[in-house]
Amino acid sequence: MNAPSSRPDFGDSAAGECILIVDFGSQVTQLIARRVREAGVYCEIAPFTQAEAAFHRLRPAGIILSGSPASVPEEGSPRAPQLLFEAGVPILGICYGQQVMTHQLGGEVRPGHETGEGGEFGRAFLTVSAECALFDGLWQVGERHQVWMSHGDKVTRLAPGFAIVATSDGAPFAVIADEARRFYGTQFHPEVVHTPDGARLIANFVRHVCGLSGTWTMAEFRKTKIAEIRAQVGAGRVICGLSGGVDSAVAAVLIHEAIGDQLTCVFVDHGLMRMNEAREVVALFRDHYNIPLVHVEAEDLFLDGLAGLTDPEAKRKFIGKTFIEVFEAEAKKLGGADFLAQGTLYPDVIESVSFTGGPSVTIKSHHNVGGLPERMNMALVEPLRELFKDEVRALGRELGLPQAFVGRHPFPGPGLAIRIPGEVTRERCETLRKADAIYLEEIRNAGLYDAIWQAFAVLLPVKTVGVMGDARTYDHVCALRAVTSTDGMTADVFPFDATFLTRVATRIVNEVRGINRVVYDYTSKPPGTIEWE
């Protein structure tokens, strides 16, 4: 089954009011999109294999070429359609994008091992050597600025028309420019937070070099998406799977605004939710929004099916498969549905398989995009597929969802099943639910909830010896996790003080039967993921 495109179609009147990002398989291509949107400009990502078609469809005001794990000198490595360099629009090449542009326009790129200088990875400092439109109002000649490098190959000879405008110790062509054609290349990655001025450099490109106004907003996205949903669905019926989280809720409210009672929401209560969450979801949709809602109590179905499963991918795929089976069964009871709506987000798809079918590497499957059976007879409606988490929150506020709901921390579709490494049982779910509720209550009491991207407890398949009331115990370990992030693609550990962690640990051990030890997870992302499974 092929999912229909969910990208906004702005029509001919808006052609040119966007940026095309050509994806060569970098794990951080989506961060380029994020920086462009932060500048108030709409963008789309297309893999290099589909870039020419995307260019003709969008007629973009500018093009950004992404990084890649590939090597330009290697035979068969990705190339940009030559049409892009002949179209007369500004181009920004980032890392591999700089190298492939140089190579295709007549310059030279060599592997680091051939130059004898090796690669350049991590923090670096470049020196601005000439004026450049990318630097306007930001960097001056002679200044040194921190950037983030990650490259083995390097440009060794410029293409005709280009000049060096910044250098670093490991990259004599750190920034190059052809001002006449408005072509620019950075060997470093401006899209990552480790390049402090990177977002402003990208904003300079899309706003000043490409001449875009920066007026793209969630209000515009809402309007465009509603029109697109109506065009896609027509007179058909849509069934929307609510997971209890922000993503599916925002998707449901948006779709309901577009097509009204053609939408029926199905909330599958799989017994893997946080404390009182199922009741809150039902109340919000039935009472507040008056959206048709079917509440399926399926705890036995899911927990019985999870019995004996310990591999995280097996658990995820079972849950995803079972979700779809339940949706199909409910659709039949409702007289049939033509479309299945999901709250799939950009990071979900990027981490599962490249967003547009490009060469990005799979990290793990997500319940929204993994395990869908081929026999499924409903097309997909995924109106949030291009949005990052905070953009979904902004859309939720635009749609009038309560702030207390919109501001909730992310919660995975598989729920507590991936926060219980090993086998999932009713007893373990209940134990974890209580510990997690205490943890979140203390975070809110401390006024820290909104400062944290995601916080949760994990029940480990490990038992340790303890002493409680002069008696020996042999119970589970509970791990606490809290991170800060802007997009969920990278994350840092939240720096709780010892007093807070001690208070939480004391409450959990005293109030939750089955836990006698609490630890705190200090791992950032990368190298870890936010969730434990």
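Which residue just after helix 15 takes a positive phi? In this predicted model, that residue is G447, with a phi of about 70°.

**Helix 15**

Helix 15 covers residues 426-445, which makes 20 residues. At 1.5 Å a residue, a helix of this length should span 28 Å.

Several residues of helix 15 are buried, among them C429, L432, R433, D436, Y439 and E442. T431, A435, I438, L440 and I443 are also on the buried list. The buried residues of this helix pack against two other helices, helix 10 (299-306) and helix 16. They also pack against strand 17 (454-468), strand 18 (471-484) and strand 20 (515-520).

**Salt bridges within helices**

Side chains of opposite charge can pair when their charged atoms come close. The count for this model is 26 salt bridges.

| Pair | N to O distance | Helix | Separation |
|---|---|---|---|
| R35 and E38 | 3.1 Å | helix 1 (residues 29-38) | 3 residues |
| K225 and E228 | 3.4 Å | helix 7 (residues 218-233) | 3 residues |
| R507 and E511 | 2.8 Å | helix 16 (residues 498-511) | 4 residues |

An α-helix has 3.6 residues a turn, so residues three or four places apart point the same way. In helix 1, R35 and E38 are about one turn apart. In helix 7, about one helical turn separates E228 from K225. In helix 16, the spacing of E511 and R507 is likewise about one turn.

K225 is at 1%, so K225 counts as buried.

R35 has 6% relative accessibility and counts as buried, whereas E38, at 46%, counts as partly exposed.

E511 is partly exposed, with a relative accessible area of 45%.

**A network of charges**

Which residues are linked with R507 and E511 in a network of salt bridges? E441, E442 and R503 are linked with them. E442 is one of the buried residues of helix 15, and the buried residues of that helix include helix 16 among their packing partners.

Terms used: Residues numbered from 1 in each chain as written. Predicted model: local features only at pLDDT ≥ 70, side-chain atom pairs only at ≥ 80, totals over all residues. Heavy atoms only, no water. Salt bridge = Lys/Arg side-chain N within 4 Å of Asp/Glu carboxyl O. Buried < 20%, exposed > 50% of the residue type's maximum accessible area, 1.4 Å probe, protein only. Expected span 1.5 Å × (residues − 1). Contact = heavy atoms within 4.5 Å.
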